Amino acid sequence: MTLAAGPLAAGRLVVGTDVLTQRTGALAWVVLALGAVAGVPAALRWLRVCQREHYLPGAALRFAGRWWASEPLDGVLVVVALAGVGLSVRWPVAGLATALVAGVAPLHLSVRGRTAPLRFTRRLRTLAVVSGVLAVMVVVAGALAGVPAPVGAGTALAMPLVVDVACRLLAPIERRAMAPFVDAATRRLAEVAPLIVGITGSYGKTSTKQHLAHLLAGERRVVASPASFNNRGGLARAVNEHLVPGTEVFVAEMGTYGVGEIAELCRWCPPRIAVITAIGPVHLERFGSEERVLQAKSEILQPASVVVLNVDDPRLADLAARVAEDGSGRRVLRCSGLHSDADVAVLREEGGWALLVDGRPVAGAGELPTGVQPSNLACGAAVALELGLGADAVVTRLASLPAVANRLARAVAPSGVVVLDDTFNSNPAGARAALEVLAASTAGGRAVVVTPGMVELGPRQHHENRVFAEAAGRVADLVVVGRTNRRALVAGTAGRALAVRTRPEAVAWVRATLGPGDAVLYENDLPDHYP
């Protein structure tokens, strides 16, 4: 009996092992299938991020790092998901956890979006198809290698990387696709032949563009590039859609995310007058240093015969001296909101402002609209004067200068609360100026700052936000929106800040809390693809 039982038991063990192996193999394919399903919402999340970040390769991975580290629960989930990938090599069931996490997290990064919805443009559809093909190739390779579970679930989790690779592969193709539009814009500029004014800067370029367009209106037929159409595609679109025969002046805002981009713009849209408004720590995470920011912005000067620089910025003051002495013959106009000895200055004075040309007062008037930076206005006035407008005409137009939307625009709510809207493109210098305006806007009441903080400041981001919070805490209560800069902002107030997840929550708190005599500053606003 004992001898007969041995082979029988061994047979049962073999049969049991075979069944277990079959079940494990089937489960591995189930995990692969669920990973493919989870990959769809995951891909849509990161495609939306890529679209909002102007299809810059690397953007999806950069934001994935921010999201997974933004709050403890997301951090736990990504650790579980990564562990699931490793364990599923031996136990496929562990891959189910990875697939689930990839499909639903990060928890507050939605597929469609609230403030920045996903738009199914031609470019987005192309990127989605290429991303899908890449993901399928990886999954098929994993299946052929005999590891369907970890590869199927892991690919869903790795969709930020897949989207970034697809974006990088498509970049040269998209550039070629844009070429016909750039060629059409080049022909339109040659046909209309306007005098081109190019404006760039870390900040202040959109405001300066709008100030100049206002100063020239009624005296010259002027077209300014709309909104923030300041890259290759946007500027070409502005020319093709807005430049009409008879245009005398085209004001072109020029932005950049790297060295060489403005030089490329200037090859087909060469400014005769070039303006640089400021150099600051904006986009440092892409440039790396303010010296490279200056290098990139200075490319706008190459085709110009007249250079307009805000010399309140020390780097631009040095640049003005170098250009004046480089033997190129370019005319340099130094502009300022602080120094009366500049070529053109707009200075604040008691009861209003004064315009000075070559150090001599031309005229003065009442207060400028809230949010107008005198140095930006001085740059605009310098260009207008260079284009032949008389000083009297410039002064007259300055008196009717409109406020710039979302740049420290002032309004009074029905509740009597003074509202300062400074939600566009916040930077350290502008944020400091906004706090000064806030402090002067309360009639003995309560002051509040609502902010998600400043972004794209690279290694200086934590420091700059903490310094801003410290300054804000001296004049106001602070409401921190989101998690992007929460740690730095809360630290800057020694833990006295109120933290909320979304801007609507902050607005609801302001409406329920503030009343007549109080003031609120909305400093910057981030779309919801930021944590």
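Colleague: Which residues in α8 meet α14?
Modeller: Happy to start there, and please keep in mind that this is a predicted model. On the α14 side, the residues involved are Asn 376, Leu 377, Cys 379, Gly 380, Ala 381, Val 383 and Ala 384.

Colleague: Is α8 parallel, perpendicular or oblique to α14?
Modeller: The axes of α8 (residues 205–216) and α14 (residues 374–386) come within 8 Å and cross at roughly 40 degrees. Angles under 35 degrees would count as roughly parallel, and 65 to 115 as roughly perpendicular. Therefore α8 is, relative to α14, oblique.

Colleague: Is Val 383 buried or exposed?
Modeller: Val 383 is found in helix α14. Leaving aside neighbours within four places in sequence, Val 383 is in contact with Val 197, Leu 212, Ile 273, Val 275 and Val 308. Its relative accessibility is 2%, and the cut-off for buried is under 20%. So Val 383 counts as buried.

Colleague: Now for the sheet: which strands are at its edges?
Modeller: Six strands form an open sheet with mixed pairing, in the order β10-β11-β15-β12-β13-β14. An edge strand here pairs on one side only. Those strands are β10 (409–412) and β14 (498–500).

Colleague: What angle does the direction of helix α17 make with that of β12?
Modeller: Helix α17 (residues 461–475) packs on this sheet. The strands touched by α17 are β12, β13 and β15. With the direction of β12, that of α17 makes about 155 degrees.

Colleague: Which residue in β14 is the bridge partner of Val 479?
Modeller: We can follow the pairing across these strands. On one side, Val 448 stands opposite Asp 477 in β13. On the β14 side, the partner of Val 479 is Leu 498.

Conventions: Residues numbered from 1 in each chain as written. Predicted model: local features only at pLDDT ≥ 70, side-chain atom pairs only at ≥ 80, totals over all residues. Heavy atoms only, no water. Pairing = 2+ DSSP bridges. Helix = DSSP H or I, 4+ residues; strand = E, 2+ residues; numbered from the N terminus. Contact = heavy atoms within 4.5 Å. Axes fitted to C-alpha atoms, helices over the stretch in contact; angles between N-to-C directions. Parallel < 35°, antiparallel > 145°, perpendicular 65-115°, else oblique. Buried < 20%, exposed > 50% of the residue type's maximum accessible area, 1.4 Å probe, protein only.
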